[in-house]
Amino acid sequence: MSAPPLNSIVLSFEDARRVVEEQAALVSAGAVESVDLLAAAGRVLAEPVLADRDLPPFPRSTRDGYAVRSTDLSQLPTTLDVIGEIKAGANLEQIPPNVGTGQTVSIMTGAPVPAGADAVVMVEYTSLRGKQVEVTRSVVPGENIVPRGAEAREGALLLDRGVGLNVADIALAASAGKSRLQVYKRPRVAVLTTGDEIVDIDAKPGPTQIRNSNSYSLAAQIQHAGGEPVLLPVAPDELQGLRHLIEEGLKFDLLLMTGGVSMGRYDLVEQVLSEMGAKFFFTGAKLQPGRPVVFGQCSVGGPARERLATYFFGLPGNPVSTMVTFELFARPMLEALSGKVPSKLIFLHVRLKKEIRIKTGLTRFLPAVLSGEFEHSEVELVTWQGSGDVAATARANCYAVIPPNRENIPAGEWIPVMLL
């Protein structure tokens, strides 16, 4: 059967990204599983985590020093009677019941502040003489104290569903006594590389062949984004074998294909998908690298089974294009399938070290090196040989983002940068 005509849908980078975000908002996360707290790091939370008590559960000292009545320090220097000592984790019976006028308690960071005291003066401003201490600096009420419940009240929401759990989230869940968490299962993402010129990384390539780096770079990106990659065999440049592997890939939560989406005689991916009744949201984006990127939805059973359709991306075959288009387009869809609210693109602004001259018309994400530190950071492009030059990208630590209407950007100008 011949392929039905496929209308070209080429969008600006911003519009293509918006289309992906709109579709990502329609997907639902998969099943839920319970994991140990440490195993939950990097996963997406599937249950709310509530405070099981006030945080902190007592007024907490933030400094080593002396718990005082601030009114006792109206005239300096002042000598106070030391009536006790409180360390972090002290038992209730070790805490003086009240700090009276003219009295103080030696206190450690993290220890509960006793009744009567309304501030902590730092030890640096005191001199201990037997059972008395001389204070040389005043304090205001509440100084160096975190009030009970200031961080969260009992029953308050600490972490909501859809949070990608980072280090601080794990610490917060631990503070709420959560030794196990309910998280969404990782979506399974099929990776299909196409092309007769591609051989596996263990094979010795012929004079005109290249090793399959794209499947492995994509697998690493998928894992980093919270998915489980499944590497399919390399698809040949012929219709029947390609269709069989695409049908296999559509059985997973998401299908990523590399290569076969340009305009060459043997770029057959769009033809096969069109014959299968796929719905295309766009077939290209005005960016470099990665212009011939494809995004759509298809099911093995054709249009009649649209409710079971799988999203797919056809990513360009050049290695740098594959990596860039994954970050710009595939990542938000994968995050949505993981149960996470997709991350927005965040650009830093850094001074350009060397002038850039470039053609207009495309939004460009060019491998670059961010160097310097603090307020003296700067960025410059990596010398590269185009979107097939993965070695140049390995030397880069960011992408310089060049808008489509800029032909010349002088050194010293601030430009947007996307971190790798």
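Is Phe-374 counted as buried or exposed, and at what relative accessibility? At 70% relative accessibility, Phe-374 counts as exposed, where exposed means over 50% relative accessible area, buried under 20% and partly exposed in between, with a 1.4 Å probe and protein chains only. The model is a predicted one, in which local features need pLDDT of at least 70, side-chain atom pairs count only at pLDDT 80 or more, and totals for chains, interfaces and linings use all residues. Residues are numbered from 1 along each chain as its sequence is written, and side-chain values use heavy atoms, with hydrogens and water left out.

The backbone at Phe-374 also deserves a look: phi is positive there, at about 50 degrees, although the residue is not a glycine. Phe-374 sits in the loop that runs between strand S25 (363-371) and strand S26 (378-381). Strands here are DSSP runs of E with at least two residues, and helices are runs of H or I with at least four, numbered from the N terminus.

A positive phi, about 65 degrees, is also found at Asn-144, again not a glycine. This residue belongs to the loop between strand S10 (132-135) and strand S11 (145-146). Asn-144 is buried, its relative accessible area being 15%.

Next come the cis peptide bonds. One joins Leu-55 and Pro-56, with omega at about -10 degrees, and Pro-56 lies in the loop between strand S3 (49-50) and strand S4 (60-61). Another links Leu-76 to Pro-77, where omega is about -5 degrees. Pro-77 is placed in the loop between strand S5 (65-68) and strand S6 (78-86).
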